[in-house]
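Thanks, everyone. I have one structure to show today. Let me put it on the screen.

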Amino acid sequence: MTNVVERPWGWFEPLGSGEGYLVKRLCIRAGQRISLQRHHHRSEHWVVVAGNGTLLCGTQSHEATPGCTLLIPCGALHRASAGDQDLLIVEVQRGALLSEDDIERIADDYQRVGEVSSGEVLS
């Protein structure tokens with residue numbers, strides 16, 4: 001049984017967790033992107049497993065192709081954008097707070113900047 005959570009940009013599903021870490025799979029639908037965001041209590045490591053697009057961390061933009069990875073340090077601005085195919089990423093979060101409460105959205109295509117968090121686990 002999976003616990004897929006729909007978002008305006010696609011969906012995510014938790015894959016596993018333990019003390020100080022959380023693993024999830026996210027699918028960003030073709031032509032969509034997640035918010036430009038940062039986290040104050042966690043780092044993230046993204047592994048692209050399918051699709052194409054662009055990964056942004058700080059001021060550095062990287063082509064997203066299967067097999068590429070990106071380490072996002074705690075506090076770094078970041079965003080993933082899908083190209084003409086759905087972008088599938090496995091994300092490993094590490095830190096003290098692994099919840100929606102640790103997402104600061106700077107810009108968002110879906111008008112979620114400044115929304116009060118629901119307290120759900122995962123972004």
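Let's start at His78, which sits in strand β9, residues 78–82. Bear in mind that this is a predicted model.

Is His78 buried or exposed? Buried: its relative accessible area is 0%, and the cut-off for buried is under 20%.

What does its side chain reach? Two polar partners to point out. The side chains of His78 and Glu44 are joined by a polar contact of 3.4 Å. The His78 side chain also reaches the backbone oxygen of Ala76, at 3.0 Å.

Now the surroundings. Set aside the neighbours within four places in sequence. His78 then touches a run of residues, Ser35, Leu36, Gln37, Arg38 and His39. Glu44 is in contact too, as are Trp46, Leu56, Cys57 and Ile72.

Let's zoom out. How many helices and strands does the chain have? Zero helices, 11 strands. Along the principal axes, the C-alpha trace spans about 35 × 30 × 25 Å.

Buried residues account for 41% of the 123.

Last, the surface and the charges. The accessible surface is about 6200 Å², with 52% belonging to carbon and sulfur atoms. There are 11 positive and 16 negative side chains. The centres of those two sets lie 1 Å apart.

Key:
Residues numbered from 1 in each chain as written. Predicted model: local features only at pLDDT ≥ 70, side-chain atom pairs only at ≥ 80, totals over all residues. Heavy atoms only, no water. Helix = DSSP H or I, 4+ residues; strand = E, 2+ residues; numbered from the N terminus. Buried < 20%, exposed > 50% of the residue type's maximum accessible area, 1.4 Å probe, protein only. Areas by Shrake-Rupley, 256 points an atom, 1.4 Å probe, with all protein chains shown as cover. Lys, Arg positive; Asp, Glu negative; His and termini not counted. Charge placed at Lys NZ, Arg CZ, Asp CG, Glu CD. Polar contact = N/O pair within 3.5 Å; in protein donor to acceptor, adjacent residues only side chain to side chain. Contact = heavy atoms within 4.5 Å.
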